[in-house]
Amino acid sequence: MALSRRDLLKLGGVAAAGAALSGCTSSYASTTPKGAAHAGLRMAPLPKAKGPRVVVVGGGWSGLSIAKYVKRYAPNADVVLIERRASFMSCPVSNLWLVGLVDLEFLTHDYLQAARNNNYTFLNAMVHDVDRDSKMVFTNEGAVKYDILVLSPGIDYDYSRWTKGDVELETRLRQEYPAGFVPGSEHMTIRNKVQDFEGGNFVLTVPGGNYRCLPAPYERACLIAWYMKKEQIPGKVVLLDENPDITIKKDGFHSAFEKLYKGYIEYLPGTKITKIDLGKKRLETELGEEIKFADAALYPRVRGGKILEIAGVAKDSVFNRLEADIDPFTYQTKADPNIYCAGDVRPMGFSKSGNTANTEGHIVASMIAQRLKGKEPKWKSPLTVCYSAVSGDPVRAISVNAEYKYNEKKKAFGFHNAATNEKWDGKTGVQNGKLLFEWAKGMYRDMFM
Ligand SMILES: Cc1cc2nc3c(=O)[nH]c(=O)nc-3n(C[C@H](O)[C@H](O)[C@H](O)COP(=O)(O)OP(=O)(O)OC[C@H]3O[C@@H](n4cnc5c(N)ncnc54)[C@H](O)[C@@H]3O)c2cc1C
């Protein structure tokens, strides 16, 4: 049957619409060896960049802060934040949620709102490869071209010291005894474990190295012990610490263990696990001790997110197996000045904390904006501010705040202007407890509003 004039016009309309759409859904044409593996992958459905495109991978404390402030300091930049999770859940304050002291709503936040409020684009996708030669990142939603790339993927766990390659054991540890240092299901499992606990040893571990959030395992021990005491559960927290002593806010935690949780916390410093028998629920230590557990949340050592290796910007470090190989004063990777790394993946011995990642995020954003304007970026120290709860009802907390300074002789950063407030009893502790919530609200406001 012959086509009518009207049919032809309709077809023309479809073809024109197809051509217009192909601007955003066209395929990636590889011109580089690494890119060849992704030839034909569709481009992610993003509008055409209206300025230099800054792609930030990882919507945690670091990435959210960098995306917002690059756009604020360099309004002509086209900022895209790529995050694999659909919503944000906070690790800070999550120990209080485990024992029912805050609602989940306090911890969860909306990526779309953050992007709308701050005029950048949120892409909910997993980055699985980076091609530095063609300046492309590859995601499950398609390829994205960047001018500047920021990698803020946070930590991954390193179970190798415990499992020595036994993947069955690693899978069981991840699934049955999760660490709860990456937000989401791990926290939910631990909350259920705590709230259903009937008694016996509840084992927690503190890894060696510069692990994520130095005080958090001690805070968690205090809060679980507080819960057991309140609910009269006939058990105790056994805290196995790889380190020779409490790593931060030592006096405050020691005195809370002693005065509030005698009989509820057994603290074993300098304890390295050498064998894990999940069938018999038994741990063996380097000193030949045998520790039985009724339940546990086992926190292994940490390393930088795996995307660093994939992008070819990781290095072995003293503390952790892999961290970002960057110039510590510019945050640019040594392999490629167009790629920046920040947050918990940094190799400097700064505290792996949310406040550090957020204040550093402001600084890195300002450095990127300066560079886009052709100016010389300036280094500034990030700030660590950290409140740790030692009890609930009323919440009482201790705190630390510090900056960092480079020591030329040691060729390393150290604490600068550090101060702690480790008095948890009396008015000070309750006041610190209130400040803990105010601090968290201020941080969420800064990242999402
Ligand atoms: C229990 C606990 C308590 C804590 N308490 C405090 C506290 O009181 N105060 C404090 O300051 N800090 C605290 N912290 C530490 C703080 O949570 C971290 O230091 C902070 O989250 C680090 O920020 P980040 O952006 O580097 O990593 P994250 O916040 O982990 O963000 C990384 C993001 O990258 C995403 N990602 C990774 N790889 C990819 C990929 N390939 N593609 C797409 N997305 C990817 C991840 O999904 C994640 O959302 C605590 C941590 C824990 C676990």
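How many Å separate the centres of domain 1 and domain 2, taken over C-alpha atoms? The answer is 30 Å. You're looking at a predicted model, where local features need pLDDT of at least 70, side-chain atom pairs count only at pLDDT 80 or more, and totals for chains, interfaces and linings use all residues. Residues are numbered from 1 along each chain as its sequence is written, and side-chain values use heavy atoms, with hydrogens and water left out.

**The two domains**

- Domain 1 covers 35-154 + 305-372, while domain 2 covers 161-300; these bounds come from an automatic or database domain assignment.
- The contact between them draws on 20 residues from domain 1 and 22 residues from domain 2, where contact means heavy atoms within 4.5 Å.
- Together the two domains bury about 2,000 Å², with 60% of it on carbon and sulfur atoms; buried area is the accessible area (1.4 Å probe) that two parts lose on being put together, summed over both.
- On the domain 1 side, Asn95, Leu98 and Val99 lose the most area to domain 2, together 32% of what that side buries.

**Salt bridges**

- Side chains of opposite charge can pair when their charged atoms come close.
- The whole structure has 26 salt bridges, each one a side-chain nitrogen of Lys or Arg within 4 Å of a carboxyl oxygen of Asp or Glu.
- Across the interface of domain 1 and domain 2, there's one salt bridge.
- Arg212 pairs up with Asp344 in a salt bridge, and their closest N and O atoms are 2.6 Å apart.
- Glu141 and Arg42 make another salt bridge, with the closest N and O atoms 3.3 Å apart.
- That pair ties together distant parts of the chain, 99 residues apart: Glu141 sits in the loop between strand 7 (136-139) and strand 8 (142-145), and Arg42 in the loop between helix 1 (5-25) and strand 1 (53-57).
- Helices (H or I, at least four residues) and strands (E, at least two) are DSSP runs, numbered from the N terminus.

**Helix pairs**

- Helix 12 (residues 354-372) and helix 13 (residues 426-448) have axes that come within 11 Å and cross at roughly 35°; axes are lines fitted to C-alpha atoms, for helices over the stretch in contact, and angles run from 0 to 180 degrees between N-to-C directions.
- Asn355, Asn358 and His362 in helix 12 touch Trp439, Met443, Asp446 and Met447 in helix 13.
- For helix 8 (residues 185-195) and helix 9 (residues 216-230), the axes come within 10 Å and cross at roughly 35°.
- Here His187, Ile190, Val194 and Gln195 in helix 8 meet Arg220, Ile224 and Tyr227 in helix 9.

- The peptide bond from Asp393 to Pro394 is cis, with omega near 0°, and Pro394 lies in the loop between strand 22 (384-391) and strand 23 (396-407).
- Asn119 isn't a glycine, yet has a positive phi of about 65°; you'll find Asn119 in the loop between helix 5 (111-118) and strand 5 (121-124).
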